[in-house]
Amino acid sequence: MLDRIEFWFLLVQLIFAGAFGACVGSLVNVLVYRLPLGLSVVTPPSRCPSCQTVLTWRENIPIFGWLLLRGRCRFCKASISPEYPIVEAAVALVFVVVYFFWYCVPFPWVWPPSSSAVFLGIDWAKISPEWASQGFSASWPVFVVLMVLLGSLAAVLIVDAKTYTIPLQLVWFPSVVALLGHVGWAAWLSWSGRQLAHAPGWTWAIPTPGPIGWGAVGAAVGGIVGIGIGNILLSKGLIRRSFADYEAWEAQARAEAAETSAIQAPPAGDATATPPAAVAPTGAEATPPTDSSPADLWIEYPHARREMFKELVFLAPAIGLAFVGSWLAIRLAGPWTPGATPISPGSPAHDVPLWLDVLAGVLLGYLIGGGVVWAVRILGSLLFGREAMGLGDVHLMAAVGACLGWIDSTLAFFGAAFVGLLWWALGLIARGVSARAMPYGPFLAVSTLLVILLKHPLERLFDLIAPAWAPWNLP
Ligand SMILES: [Zn+2]
């Protein structure tokens with residue numbers, strides 16, 4: 001009898017998680033369509049792109065609205081892309097899977113705790129992070145941060161794949177939610193005398209300074225102040241923006257390319273008068289196609305190395321103040337937090353208050369998440385003489401770091417190379433040729449989702465790679 005009640009309770013929870021995910025997916029569709037066009041996200045209400053008929057509330061229901069209309073506008077019968085219900089269903093599925101594994105496993109009815117869930121040497125019953133073990137009511141703000149990040153990543157994936165740009169609103173929003181969610185919940189829990197369950201040796205759902213204490217707190221605050229100073233200097237024109245002359249260079253390069261092709265090729269006039277290229281194989285005279293598509297013209301920009309020094313100037317205050325902040329904090333508050341090791345629910349409270357420890361964790365995640373990508377960008381550009389990794393990728397991984405901490409963002413960044421390799425191999429198998437040039441954002445987004453879902457199997461992999469530190473247990 002109890003089993004049946006528990007089953008229905010589980011089903012209701014999963015339906016709620018799925019409905020919430022479908023609504024977030026619906027919002028993702030709105031963002032993906034409107035942000036690149038510079039339209040408002042709030043108004044006007046959703047309408048048919050073809051005849052502007054406003055959708056009714058029933059047609060606005062995620063997934064089912066599209067099925068109700070059978071993919072066609074009620075008024076003008078223009079077809080509506082299946083991309084909309086697919087995105088909604090995909091985000092709903094991700095939410096259901098994460099909710100199920102975080103809060104419902106091991107579930108007595110589906111998955112008796114006594115039964116073994118070990119498969120491929122991994123205990124799948126332990127796939128959820130420690131912070132979820134106290135249940136939804138004790139950890140919902142952290143779960144909301146995670147879901148907001150996943151929704152933003154879905155939007156980033158689609159927009160970046162389509163337009164080769166990452167709208168910054170999409171990555172600033174989860175960063176702000178991470179700051180409010182993590183720090184707010186930490187303050188609330190310490191005020192009410194509670195703690196969030198966490199991996200042994202850590203204090204929160206994300207890596208925080210914890211036992212290292214004040215030095216890392218000072219570095220985090222100093223680094224963020226330095227980024228703020230860099231931005232102020234940039235807006236006042238006291239330091240120069242990198243790639244400021246890129247647009248002018250591109251316009252000139254394109255004009256020159258058009259000029260040379262106009263001289264070399266016969267004037268394009270009557271289409272029937274010009275012989276097809278295949279009929280005129282005049283050897284040496286034949287010129288390879290010179291005009292680059294806008295997507296790959298940037299490779300030829302000659303000043304990528306020079307521009308990196310401008311970015312280093314921008315970063316100098318952040319790097320400098322991180323050291324100053326660390327030194328000051330240690331001088332004023334001491335290097336270590338007394339009584340901080342071992343951190344367990346029974347140990348005395350450490351000197352860095354929990355909210356400040358978590359605040360530093362979010363800031364460090366933001367700085368290191370973005371910093372790792374930026375370091376690769378600067379080194380790669382200096383080495384190869386062309387822009388490596390976009391600044392959009394820097395912003396994206398900074399947001400991932402703010403939400404999940406510096407360890408996950410670093411893992412996701414290096415994991416993205418494997419996701420990219422897999423995509424390239426799949427394209428090779430599917431079409432016999434490599435797929436079209438993809439921006440890096442979608443790989444970073446998919447890699448982040450994989451790190452979230454597969455943290456526990458990854459830890460077992462690290463046990464094999466570095467057994468000296470086994471068993472690995474990351475926050
Ligand atoms: Zn219509």
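1. Residues are numbered from 1 along each chain as its sequence is written. Because the model is predicted, local features need pLDDT of at least 70 and side-chain atom pairs count only at pLDDT 80 or more, while totals for chains, interfaces and linings use all residues.

2. Helix α8 (residues 304-333) packs against helix α9 (residues 354-384) at about 150 degrees, and their axes are 8 Å apart. Helices are DSSP runs of H or I with at least four residues, numbered from the N terminus; axes are lines fitted to C-alpha atoms over the stretch in contact, with angles from 0 to 180 degrees between N-to-C directions. The angle makes α8 roughly antiparallel to α9 (over 145 degrees).

3. On the α8 side, the contact is made by A304, R305, M308, E311 and L312, and on the α9 side by I378, S381 and L382. Residues are in contact if their C-beta atoms, placed from the backbone, lie within 7 Å. By class, this contact has 5 nonpolar, 1 polar and 2 charged residues. Ala, Val, Leu, Ile, Met, Phe, Trp, Tyr, Cys and Pro count as nonpolar, Asp, Glu, Lys and Arg as charged, and the others, Gly among them, as polar.

4. Helix α10 (residues 391-404) and helix α12 (residues 441-453) pack at about 15 degrees, with axes 10 Å apart. They are therefore roughly parallel to each other (under 35 degrees).

5. G392, D393, L396, M397 and V400 of α10 meet G441, L444 and T448 of α12 in this contact. Its classes are 4 nonpolar, 3 polar and 1 charged residues.

Notes: Helix = DSSP H or I, 4+ residues; strand = E, 2+ residues; numbered from the N terminus. Parallel < 35°, antiparallel > 145°, perpendicular 65-115°, else oblique. Contact = placed C-beta atoms within 7 Å.
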